[in-house]
Amino acid sequence: MKKLLFVYNAHSGKGTIKSKLADIIDMMVKKGYRVTIYPTQSRQDAQTLVEQEGENYDLIVCSGGDGTLDEVVTGMMNVRERRPIGYIPMGSTNDFAHSLRIPKNIQRAAEIAVSGIPFACDVGQFNDNSFIYVAAFGIFTEVSYQTNQELKNLLGHAAYILEGAKSLMDIEAYQMRVEYEDQVLESQFIYGMVSNSISVGGFKQIAGKNVLLDDGVFEVTLIRRPKNPLELNEIITSLLTRVDNSDLIYSFKTERIKFFTEKEIPWTLDGEYGGSHRMVEICNHHKAIEILV
């Protein structure tokens, strides 16, 4: 029999996965798999497991939020023989699942995770780490990993909006030098995002239109520090309308980009804390991981 490793975060979303486990596992067995089940116990648990055991299985299926998927993908990037990944989204926003058109229905998502079509998507390298759909710094980025899990479960996406509104009261800007291709940008930025997703933070098309997950390039958005409330309103209007008509916002595509700052600044990778850094190099690994869709 083929071997399947099923890794799940029992606390993601509202913990609904617990009541569906028997049906999901039964379906996996009926598809011809011998299933090993592992509920994650702590942060980076899934990554460590995949690094140590991933090559021993024919398929890795994970269930949880974007952070759980990030850990499994990061672990898979660190093994020699990469295996396809199935994903059953159970988080509060599930940005990457939306981009992959994986349905919200748990049973249907589970069936796709086991017997879907392999889709080779790009994976980002962030210094010595990996991310599947977004690396970001600045305003709003702390919201995802600092918002209480119980609040996420209770309010869902509204929790991010509420916490994000608090961030507007105290906007911090970072002096940066940004290098990509033959371009150099130097300014004070309040937000930066390198993404490979249609939806980020629950906001659809925030990275613009014509986003492809397998084109070898990232969508980059950088927002300069507003000097007054009018400029802040200009930024918000541009983001909400998805119309890039502000000189305060840079939007472009690239396969490699570097950030240099005078002091360490915190980054988020796929909604989880990615450490504080003075220099960051991000590059695109084209079609590095197969996800069943």
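Glu181 counts as exposed because its relative accessibility is 63% (exposed is over 50% relative accessible area, buried under 20% and partly exposed in between, with a 1.4 Å probe and protein chains only). The model is predicted, so to speak for itself only where pLDDT is at least 70 for local features and 80 or more for side-chain atom pairs, while totals for chains, interfaces and linings use all residues. 
Residues are numbered from 1 along each chain as its sequence is written, and side-chain values use heavy atoms, with hydrogens and water left out.

Glu181 lies in the loop between strand 8 (174-180) and strand 9 (183-195), and its phi is near 50°, a positive value in a residue other than glycine. Gln44 also has a positive phi, near 70°. Gln44 belongs to the loop between strand 2 and helix 2 and, with a relative accessible area of 40%, is partly exposed. Most residues other than glycine have a negative phi.

Turning to the fold as a whole, the protein has nine helices and 15 strands (DSSP runs numbered from the N terminus, H or I of at least four residues for helices and E of at least two for strands). Of its 293 residues, 50% count as buried. Among contacts (heavy atoms within 4.5 Å) with a separation of 6 or more, 73% join residues 24 or more positions apart.

The largest nonpolar core holds 61 residues, of which Phe6, Ile85, Ile88, Phe96, Ile132 and Ile289 touch the most other members (a core is a set of buried Ala, Val, Leu, Ile, Met, Phe, Trp, Tyr and Cys residues joined through side-chain atoms within 4.5 Å). A second, separate core of 22 residues includes Phe218, Leu222, Ile265 and Leu269. Residues up to four places away in sequence aside, the partners of Ile85 include Leu59, Ile60, Cys62, Leu69, Val72 and Ile291.

Ile291 itself sits in strand 15 (residues 272-292) and, at 0% relative accessibility, is buried. Beyond its neighbours within four places in sequence, Ile291 contacts Ile85, Phe96, Leu100, Ile117, Pro118, Phe119, Cys121 and Ile132. Ile291 is also 8.1 Å from Ala113, C-alpha to C-alpha, although 178 residues separate the two in sequence.

The axes of helix 1 (residues 17-30) and helix 5 (residues 106-115) come within 10 Å and cross at roughly 30° (axes are lines fitted to C-alpha atoms, for helices over the stretch in contact, with angles from 0 to 180 degrees between N-to-C directions). Helix 1 and helix 5 are therefore roughly parallel (under 35 degrees; over 145 is roughly antiparallel, 65 to 115 roughly perpendicular and the rest oblique). Lys20, Asp23, Ile24, Met27 and Met28 of helix 1 make the contact with Ile106, Gln107, Ala110, Glu111 and Val114 of helix 5.

Helix 2 (residues 45-53) packs on helix 3 (residues 66-77) at an angle of about 30°, their axes 7 Å apart, and these helices are therefore roughly parallel to each other as well. Here Asp45, Ala46, Gln47, Val50 and Glu51 in helix 2 meet Glu71, Val72, Thr74, Gly75 and Met76 in helix 3. The buried residues of helix 2 are Asp45, Ala46, Gln47, Leu49 and Val50, and their cover includes strand 1 (2-8), strand 2 (33-39), strand 3 (59-64) and helix 3.
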